[in-house]
Amino acid sequence: MYTEEMKKSMAKVDENRENNTSYEPPRMTAEEKEALLAEYHPDYKKEEFSVLLTGENKGEKVPKELAALLLGKSRINADFDLSSPDYDVDVLVIGGGGAGASAAIEAHNTGASVMIVTKLRIGDANTMMAEGGIQAADKPNDSPAVHFTDAYGGGHFAAKKELLYKLVTEAPEAVKWLNDLGVEFDKREDGTMITTHGGGTSRKRMHAAKDYTGAEIMRTLRDEVLNRQIPVVDFTAAVELILDEEGKAAGAVLLNMETNALLTARAKTVVLATGGAGRLHYQGFPTSNHYGATADGLVLAYRAGAKLLYPDTLQYHPTGAAYPEQIFGALVTEKVRSLGAKLVNADGEVFIHPLETRDVSAASIIRECTKRGKGVKTVDGVGVWLDTPMIEKKNGEGTIEKRIPAMMRMFGEYGIDIRKEPILVYPTLHYQNGGVDINTQCETKVKNLYAAGEVVGGIHGRNRLMGNSLLDVIVFGRNAGRNAGKRAKETTAGKLTLKHIEEFEREAEKNGALSDIQSPMLLPDYAGKNK
Amino acid sequence: MNETVNVYLFGKKYAVPSELTIMTAMEYAGYKLIRGCGCRNGFCGACATIYRIEGQRELKFCLACQTQVQEGMYVATLPFFPLVKQIYDIEKITPSQQVMMQLYPEVYKCIGCNACTKSCTQKLNVMQYIAYAQRGDFKKCAEESFDCVMCGVCSSRCPAGISHPQVAMLARRLNGKYLAPESQHLEDRIEEINNGKFEEMLQDLMNKTPEEIKEIYNNREIEQ
C-alpha cells in the first residue's frame, strides 16, 4: 500500500523504533509553546479571518467562511406564516447528538413535553465519532481541582471559570449517569475504570469504551431517547429561531430536508445543540467531523441576538489520517498516543512529546512538514509518521486489537496493519473551541434559548483537551435540558415573530456586511467534486 | 487524475476516479447526499451498501464511506431498514434470559443460515452473538457485538426477521448496567464532591488570577 518513497522513510522509522520507544522526549516550556503556536498554528493566520460588521460580536474576528454564513441571507422570508404551528411542545431540542439527546432525556425527566429535531438522523453527530474517551477525576490521586488546572492551562487560561468548575465537578456524576444507562466503560475485574492520559492531562483520567467511546455513548443515549418515546423528527433542519414579541425564544422554522417543506415548531423553551463546523473546511483543511457539521446553530443564534465567545479558535486535531487518500482527514484517535505511539518525522526522529496539547502537537507537525522539510510526501500533501507498532512494544501483543479496534479496522481496509507498520498523519479540522456564550444554567443572551455541546463556547477556553468534549456534551446537555424543562413550566410564549431576521438583515445591509450566500448551510456541497 | 473505473449507481453507469470510495464516487457523479451519509468515517452506519461485481454471483455488503470503488461494481444503498426496536425501561428490566424472550422472541427462530455474519459490514460474528443472546449470556453477546454500527444489513438478510443490532443494543446495556463490576472509586468520588471535600481547593483556584494559575499549571506534577 505504501509507495517506494514512503517505504524508504519507513525503514528509518523501523530502524529507530527500539530507541524511540524508550526515548522520553522533553516537554516544551511555556515560552517555546507560545512561539511555536504563533508561527505555525492556523488560528494565528490573520489573513484567514474577517471582522464582523453586524451583530453582538461586531468588531470581532471570525474565520472568513463563518463570517459569510453569520451574515448570510435567511432561507425564509420574514413574512413566513407562523400562525398555525405544525408542532407545539414545551421544550424543542435542535440537534440529535450527545448534547441534544442528553438534554431531551433530562427535560423529559422534568415532565415537560419534549421534541428533538435533527437534520440527519439522531446520532449522526460528532459524538458518535469521538473515539478516545471522556475525562473525569475519579481516581484517588486525582481531583476536580487538578482536572480544572489541566483544562484551564490547556485552554490558554481563557475558559470561563464558572463553566469549567461545573464541567469538572459534575464529571464523575456524568460518567456514573452513563454507566447507569448501560454504557460499557473499560474496567478491570474489580470494577476499577481503566484510565489513561490524554494530551495535556497530568493524571490518567481518560475513561474509554475501546476506541468507540463516543459511539457507545451515543447509541446508548439514542436507545434511551427511543425508550422514552420522545418524538424525534429526523431529516428536518431548523433554519431560523422564532422569537415572541418580547424577544424570548419560542420555537423554530423547520425545513424537511427531503421534501423542502417548511414547518413551524412552537415551544416554550429551545435547546440549541447543533454541534460544530468542521464541514466548513476552514483554511482548506480536511475534517474529522460528521457530514452535518456546518455551524448552523451559530448562525441561528447569532441572528436571534446571541453572543459568540471565541469563535476565532478552532481545534486542528494533530493526527488526521494523511494516507491513504480514501480516509484523508479521518480521525486517528489521540488514544494511539496515550497508549505509547510517538510522532516521528521522515528521518525517523521523534520531534515532540507525544502528550503535548492538541494545538501544540498540530503546530509541531506543520513545522516539521514546512520549515524543517521533514515531512513525508503523500498523494494529497504531506504527513509525518505516527509509530503505532510502538504500542505493542510497550504494552504487549494484542493491545491494539483490544484497545483501538476501530483504528485497526480503518487502516486494515486499505491493507495497512497498524500493529506492524506506522501510519501517516497530518492535522485535520476537528473541533470548534468557541461558540455561543452561555452562563452556568446554559442560558444564552436570548431569553428561553439554552445551548449545550459543541455549539457552545467558553468552557474550554482557546483549546480543548481530549476527553473534555464528550464530557461537556453530557454535563451541559443534561443541565440545559433540566433547566429548559423547568423554565417551560414558568413561561408562556407570546405572539410568534421573525422580525429579528428582517432587522438583522437590514442592519447588515446598512453596514455593507450582508453576504450573498444563504445560510445556515445545512450540508456541505460535494456534488460534482472530486473530494 | 489517476485511472478511472466504471461503477453502476443504482444500475446507471458512471466513470469515476479509481481512488474514490463509493460515497465520494456518488458525489463525484453529482449526487447531493441527504440520506445514506452520516459520519463519513465508519462509525454511524448510515451508508450501508450492497454491491455485486459484474459477472460475479456473490453479493457484497459494506459501508459506502469505507469502501473503495472497483471496476464493474453495481451499487445499491440501504439508507434505512425497518429494524424492530422494542420499548423497555432500563431501570425495571433484569439481565435474565426471559427479557430476551419477552422483547425479542424472534431470536429463537434463528435457522442458523449465517447470512447475518456473511453480510456484516464490520465483519462481526453476528450469528454467534445472537446465539449468546438466546442463552441469556449478555456479557458475551455484548463483547461479540461491541463494534456494531447498527447499519441493519444483517437484518435485511435474515429469514427469521431478527433485528440483530437492537438485540445486541439491549444486551450491551444490560451488561454495562447490571453485569459489569461496579466502580467503587467513582461512587466514592461523587460522595466526596457532594460533601464538599474539594470545594476549598476549587474556590482557591477560582479566586486566583490567570497569571497565578499559570504558575501552578507550568509547574504541576505529571503522573508517569
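Guide: Let us begin with contact: two residues are in contact if their C-beta atoms, placed from the backbone, lie within 7 Å. This is a predicted model, in which local features need pLDDT of at least 70 and side-chain atom pairs count only at pLDDT 80 or more, while totals for chains, interfaces and linings use all residues. Residues are numbered from 1 along each chain as its sequence is written, and chains are lettered from A and ligands numbered from 1 in the order in which they are written.

Visitor: How many residues of chain A and of chain B are in contact?

Guide: On chain A there are 68 residues in contact with 61 residues of chain B. Helices (H or I, at least four residues) are DSSP runs, numbered from the N terminus. On the side of chain A that touches chain B, at least two residues each come from α5 (126–129), α6 (144–154), α7 (161–169), α8 (171–181), α9 (213–227) and α15 (405–412).

Visitor: Which helix gives the most to that side of chain A, and how do its residues divide by class?

Guide: α8(A) gives the most, with seven residues. For classes, Ala, Val, Leu, Ile, Met, Phe, Trp, Tyr, Cys and Pro count as nonpolar, Asp, Glu, Lys and Arg as charged, and the others, Gly among them, as polar. The side of chain A that touches chain B has 28 nonpolar, 18 polar and 22 charged residues.

Visitor: At what angle do α2 and α12 of chain A cross?

Guide: Axes are lines fitted to C-alpha atoms, for helices over the stretch in contact, and angles run from 0 to 180 degrees between N-to-C directions. Helix α2 (residues 30–40) of chain A and helix α12 (residues 358–369) of chain A cross at roughly 60°, and their axes come within 9 Å. Angles under 35 degrees count as roughly parallel, over 145 as roughly antiparallel, 65 to 115 as roughly perpendicular and the rest as oblique. α2(A) and α12(A) are therefore oblique to each other. Among the residues making the contact are Leu36(A) and Leu37(A) of α2(A) and Val360(A) and Ile366(A) of α12(A). By class, this contact of α2(A) with α12(A) has six nonpolar, one polar and three charged residues.

Visitor: How are α4 and α5 of chain B packed?

Guide: Helix α4 (residues 126–135) of chain B packs against helix α5 (residues 138–145) of chain B at about 160°, with axes 8 Å apart. That makes α4(B) roughly antiparallel to α5(B). Their contact includes Tyr129(B) and Tyr132(B) of α4(B) and Cys141(B) of α5(B). By class, the contact of α4(B) with α5(B) has four nonpolar, two polar and two charged residues.
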